[in-house]
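I keep this notebook while looking through one chain at a time.

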Amino acid sequence: MTRHVTGYAAEVTVSNGQRFATLGGVVVRNRRLVLLWLRRQALRLANGHGLLLAPEPVRLSTGDDVRPVHFHGSDAPDELRRWATHSVHQEHAIRALEAGFPALFTVLDPAVGLSLTLAGWRGRPGDR
């Protein structure tokens, strides 16, 4: 029996090398919404830099934003901003999703050994 997969999932995770936690995720109907959600989370994490941000006036009906992270340097927030705002990175991510591969982006905060990963893929949350 062939399983027909519809929809996409996205998740933001954090790890210190020993422990792994999800900061939040979403299930949406298409790859563009996955990328939109991931970009939004990247910018919120970079701009918040561990601070609680005021709610934005436009909300997607795709779920809540991820929990904030406190970075110990500016490298990780700068890399998140760069990934979210440069078209080359966004084109690479959407092409990966179109081809059926996951779109993954990881930033490191070497001061504390923290890695943060943004991931989007076709299917449901457990399909990754």
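The entries below go from the sheet to the helices and then to the residue.

**Basis.** I am reading a predicted model, in which local features need pLDDT of at least 70, side-chain atom pairs count only at pLDDT 80 or more, and totals for chains, interfaces and linings use all residues. Residues are numbered from 1 along each chain as its sequence is written, and side-chain values use heavy atoms, with hydrogens and water left out.

**Sheet.** I looked up the strand order and found an open sheet of four strands, S2-S1-S4-S3, with antiparallel pairing. Strands are DSSP runs of E of at least two residues, helices are runs of H or I of at least four, and both are numbered from the N terminus. Two strands pair if DSSP finds at least two bridges between them. S2 (20–28) and S3 are at the edges with a single partner strand each, so one side of each has no neighbour in the sheet. The twist averages 10° from one strand to the next.

**S3 and S4.** I checked this antiparallel pair and found seven bridges between S3 and S4 (residues 114–122). Ala103 has Gly120 in S4 as its bridge partner.

**Helices.** I noted that H1 (residues 31–48) lies across S1 (8–15), S2 and S4, at about 25° to S1. H2 (residues 75–85) lies across S3 and S4, at about 160° to S3. Axes are lines fitted to C-alpha atoms, for helices over the stretch in contact (heavy atoms within 4.5 Å). Angles run from 0 to 180 degrees between N-to-C directions.

**Asp109.** I found Asp109 in S3 (residues 103–109). Is Asp109 buried or exposed? Asp109 is buried (under 20% relative accessible area, 1.4 Å probe, protein chains only). Asp109 has no salt bridge (a side-chain nitrogen of Lys or Arg within 4 Å of a carboxyl oxygen of Asp or Glu). Arg81, the nearest side chain of opposite charge, is 13 Å away; Lys and Arg count as positive and Asp and Glu as negative, while His and the chain ends are not counted. Leaving out residues up to four places away in sequence, Asp109 touches His70, Phe71, His72, Gly73 and Leu114.

Methods. Buried < 20%, exposed > 50% of the residue type's maximum accessible area, 1.4 Å probe, protein only.
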